Amino acid sequence: MVGREISSLLVQNIEADIYLLIHEQGSSPDKEKILSVLSLPDKKEFRERLKIVKGDVTKPKLGMEKGDYQGLTDNVTHIIHAAASTRFDLPIEEARKINVIGTKNVALLAKNCSRIRQFGFLSTAYISGKRTGEIKEKELEHTAGFVNTYEQSKYEAEILLKDFSNDFPISIYRLSTVFGDSKTGKVSHFIAPHQAVRMMYLGLASMLPGTPDYSVDLISSNYTASTVFNLYWKNFKPNQTFHITHGKRSFTLKEIIDESYKQLAVADPEWSLRNYPKPAIVSGDVFDLFMNSVTAANNPILQKTLNALNHFAHQLLYPKRFDRSNLIAVLPNYEKNLPSIQEYYGKVIQYCIKTKWGKIQ
Amino acid sequence: MSIGIARLAYRLPTHKRSIDQLEKEGRINSPASLLSDFGFKNCYIQEKTAKSPDLLLESAKEVASGIERDSASRIFLYSGINSYFEKDNNKENALELFQYPVAKLRHALELPKANSLAISQQGCSGLLSAIDIAYHLLKSSHEENESILCATVDVLTTGTKREIMYNVMSDAAASVLITKNSDKNRIVYFHQQILPYYWDTPLHENELLASYFPMAQRAIESALWGAGLKISDIKWFVPHNVSLRSWEILAKLLHIPMERIWTNNIARVGHTVSSDHIINLVDMEQEDALKKGDYLLLFTFGFGASWSCLILQH
């Protein structure tokens with residue numbers, strides 16, 4: 001979710017060759033295009049240090065030619081594994097293929113790298129699944145279950161990485177929900193919360209499960225990327241896990257619904273004349289009953305809408321707080337510099353409307 | 001002064017079809033099994049024959065029988081279906097355009113002083129709104145013994161499918177007499193939430209489906225607040241007879257047990273545009289479900305779009 005932003009920081013701030021693994025599907029993009037996607041100027045220096053490697057994390061040896069793979073194992077000293085499917089609705093086997101097998105294949109690459117010095121893994125704070133209450137960074141295993149296959153597969157990936165902890169130093173960065181750039185409002189990856197706002201914009205948001213005071217933890221992509229960069233490049237701590245979350249100053253569920261309607265009205269005054277009602281905040285069984293009715297009625301539009309919400313919305317029934325002791329110990333000014341969601345939420349909403357949720361540039 | 005619904009009556013057509021029969025005849029959009037899961041069983045259809053009973057007249061006659069003829073100051077005739085007042089407009093003789101059903105009703109009921117007026121276009125909310133108008137007229141009137149007759153009739157045109165938004169639709173007529181000194185069904189409070197943007201029903205079908213529950217919750221809570229009542233004060237929720245599933249969802253949303261919602265007529269009759277509440281109230285009375293002093297909350301949604309609540313005290 002912040003792979004682009006982290007790649008951009010690495011290219012700009014590190015005097016080293018950067019190998020960027022691009023999915024082998026489709027034609028090979030040229031470097032200029034990649035630099036543009038990474039929001040980097042087309043500088044000769046960047047072009048020379050950025051090496052594009054095509055591959056597929058789901059395949060053994062990343063599906064690469066022997067020579068290419070060998071080239072990596074000979075040269076690579078640092079790896080950040082950010083490749084993942086962030087879809088919440090994949091069947092578990094598909095999610096595992098990308099997020100667990102993919103992690104295993106990247107970890108095997110690291111193990112084969114003769115000069116490997118550190119391995120960073122981007123995970124999610126929601127590997128805690130259906131747990132409630134305080135979630136400590138050092139905690140991993142639990143039996144509470146998961147709301148969706150994304151959470152489950154990332155959890156399993158973290159479990160798998162424990163097997164490699166004696167092979168190379170690993171640090172894990174568990175991100176909260178990445179919402180958008182705090183300065184520009186830009187969203188590089190539209191995910192469930194953006195879709196939820198879209199449903200409100202279309203007047204199709206009927207209900208959300210949860211409680212009004214549930215804390216909806218959203219973080220900015222730019223601050224998350226710079227935090228990961230700082231932790232990984234400047235302050236690497238082997239065998240430590242970090243929660244990169246918004247924390248106490250997050251919106252509550254009720255506040256975020258209110259703020260969404262307020263910001264949608266600011267961004268599109270004509271929309272506000274429709275007076276769409278705000279979605280009701282309901283218990284899980286009401287949401288499920290409604291979901292089942294819509295499914296039974298086979299209404300394609302409402303079904304699509306609810307499916308988009310269904311795989312993440314149930315997380316709103318499991319209130320939790322994320323401990324950040326490790327993070328604050330390394331980056332004591334994290335909280336102070338954290339962009340307030342209240343200040344940039346509107347920018348992200350404007351970006352969503354302007355780009356029609358990523359459909360137009 | 002206790003303005004309330006003193007008399008009430010309804011009529012259903014004699015011709016009844018099961019939802020399986022409707023499915024075989026291609027008169028529903030959804031499978032019969034789905035509509036059965038949603039609580040429906042039957043549908044009443046008014047046949048267009050000379051022998052078909054006049055549902056409207058029969059229900060109105062029942063509530064008007066025996067009243068002082070001069071006491072009825074007004075008749076409001078409501079239909080939620082546009083075509084009821086607009087049928088056969090293609091007349092050669094322009095005078096034929098002025099054959100008003102409400103004038104015919106006044107004549108048949110022999111209520112010479114009743115200012116009669118037809119009203120329409122509020123979907124299933126129409127009769128509750130008519131009752132609210134009647135309430136305010138009576139409240140502001142100085143006549144001691146005054147009553148207003150509100151009648152409603154909804155008969156779908158021949159060939160129209162018998163399902164609207166997953167609800168089985170029956171034809172029906174119902175009438176109520178609102179009096180100043182009613183010994184039952186005192187009108188406590190009426191509240192209506194409207195969303196004018198949704199006026200184009202086919203265009204906004206999905207938005208309407210999505211907004212139904214949050215608006216329903218808001219309308220009911222606002223009505224209770226306006227009436228100074230708590231939800232626990234309501235003995236019976238008298239529904240519009242839309243899908244049982246929708247009432248199960250709304251019940252959970254409002255934290256009320258299904259036992260407090262009179263759902264018996266969803267299977268037996270289905271939804272009738274604007275007669276549902278009267279059908280239910282008459283049956284509740286006949287089955288001795290109502291006790292003196294019970295608070296009743298009548299809720300409905302009407303295309304156009306409005307969410308309406310009428311609170312009565314039996």
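Trainee: Let me start with one side chain: is A:Lys44 buried or exposed, and what is its relative accessible area?

Mentor: A:Lys44 is exposed, with a relative accessible area of 60%. Here buried stands for under 20% relative accessible area, exposed for over 50%, and partly exposed for what lies in between (1.4 Å probe, protein chains only). This is a predicted model, in which local features need pLDDT of at least 70 and side-chain atom pairs count only at pLDDT 80 or more, while totals for chains, interfaces and linings use all residues. Residues are numbered from 1 along each chain as its sequence is written, chains are lettered from A and ligands numbered from 1 in the order in which they are written, and side-chain values use heavy atoms, with hydrogens and water left out.

Trainee: Which residue forms a salt bridge with A:Lys44?

Mentor: First the general idea: side chains of opposite charge can pair when their charged atoms come close. The rule used here asks for a side-chain nitrogen of Lys or Arg within 4 Å of a carboxyl oxygen of Asp or Glu. A:Glu48 meets that rule with A:Lys44, the closest N and O atoms being 3.7 Å apart. Both residues lie in helix α3 (residues 44–49) of chain A, 4 residues apart, about one turn of the helix. A:Glu48 is partly exposed, at a relative accessible area of 46%. As for helices and strands, they are DSSP runs (H or I, at least four residues, for helices; E, at least two, for strands), numbered from the N terminus.

Trainee: How far apart are the closest N and O atoms in the salt bridge of A:Asp258 with A:Lys254?

Mentor: They are 2.8 Å apart. A:Asp258 and A:Lys254 are separated by about one helical turn, because they sit 4 residues apart in helix α9 (residues 253–267) of chain A. A:Asp258, with a relative accessible area of 26%, is partly exposed, and A:Lys254 counts as partly exposed at 44% relative accessibility. A:Asp258 also has a salt bridge with A:Lys278, where the closest N and O atoms are 3.0 Å apart. A:Lys278 lies in the loop between α10 (269–272) and β13 (280–282) of chain A and A:Asp258 in helix α9, so this pair ties together parts that are 20 residues apart in sequence. A:Lys278 is partly exposed, with a relative accessible area of 34%.

Trainee: How many salt bridges does a search of the whole structure find?

Mentor: The search finds 27 salt bridges over all chains. A:Glu93, A:Arg96 and A:Glu156 are linked in a network of them.

Trainee: What does A:Phe236 touch?

Mentor: Read contact as heavy atoms within 4.5 Å. Leaving out residues up to four places away in sequence, A:Phe236 touches A:Gln118, A:Phe119, A:Pro169, A:Ile170, A:Ser171, A:Tyr173 and A:Leu231. A:Phe236 is in the loop between α8 (221–234) and β11 (240–244) of chain A, and counts as buried because its relative accessibility is 17%.

Trainee: Turning to the two chains, how many residues of chain B are in contact with chain A?

Mentor: From chain B, 21 residues are in contact with 24 residues of chain A. Buried area is the accessible area (1.4 Å probe) that two parts lose on being put together, summed over both. Between chain B and chain A that area is about 1,900 Å², of which carbon and sulfur atoms give 68%. The pair of chains has 1 salt bridge, in which the side chains of A:Asp285 and B:Lys252 meet at 3.1 Å, N to O. On the chain B side, α7 (205–227) and α8 (244–254) each supply at least two residues, and α7(B) gives the most, with 10 residues.

Trainee: Within chain B, where do domain 1 and domain 2 run?

Mentor: Domain 1 of chain B spans 3–180 and domain 2 spans 186–313, with bounds that come from an automatic or database domain assignment. Their C-alpha centres lie 19 Å apart. The contact takes 43 residues from domain 1 of chain B and 38 residues from domain 2 of chain B. Together these domains bury about 3,400 Å², 67% of it on carbon and sulfur atoms. In domain 1, B:Cys124, B:Leu128 and B:Met165 lose the most area to domain 2, together 21% of what that side buries. Between the two domains of chain B the count is 0 salt bridges.
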